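Hi,

Here is the structure we talked about passing on.

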Amino acid sequence: MPISYKKLFELMQEKGLTTYQIRKEKIVSENALTSMRAGKSVTMDTISRLCKALDCQPGDILEYVPDDETEQ
């Protein structure tokens, strides 16, 4: 998948927000977190909720990476 969520997990660490807190506060589901870790697609609602929780824009948490770069 050409979408990377690496920036999301870095921003979460920077802001002190753990995946446990995200699940506990029902910001997004465990399935959504698993999908993002695997670089799979998630809904815009999921992106919106994360942006609200982290006070950021979508470009701050995801990045388009062309397929040839993700295969390396």
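**Salt bridges and a buried pair**

E30 is partly exposed, at 34% relative accessible area (buried means under 20%, exposed over 50%, partly exposed in between, with a 1.4 Å probe and protein chains only). Bear in mind that this is a predicted model, where local features need pLDDT of at least 70 and side-chain atom pairs count only at pLDDT 80 or more, while totals for chains, interfaces and linings use all residues. Residues are numbered from 1 along each chain as its sequence is written, and side-chain values use heavy atoms, leaving out hydrogens and water.

Back to E30: its side chain forms a salt bridge with R23 (3.2 Å, N to O), and another with R37 (3.6 Å, N to O). For a salt bridge, a side-chain nitrogen of Lys or Arg has to be within 4 Å of a carboxyl oxygen of Asp or Glu. That links R23, E30 and R37 in a network. R23 is partly exposed at 32%, and so is R37 at 46%.

The whole structure has three salt bridges. One of them joins R49 and D45 (3.0 Å, N to O), which sit four residues apart in helix α4, about one turn. Helices here are DSSP runs (H or I, at least four residues), numbered from the N terminus.

Now the buried pair. V28, in the loop between α2 (19-24) and α3 (30-37), counts as buried because its relative accessibility is 8%. Its contacts (heavy atoms within 4.5 Å) include T46 and L50, not counting residues up to four places away in sequence. T46, in helix α4, is buried too, at 10%, and also touches A32 and M36.

Cheers

Technical notes. Helix = DSSP H or I, 4+ residues; strand = E, 2+ residues; numbered from the N terminus.
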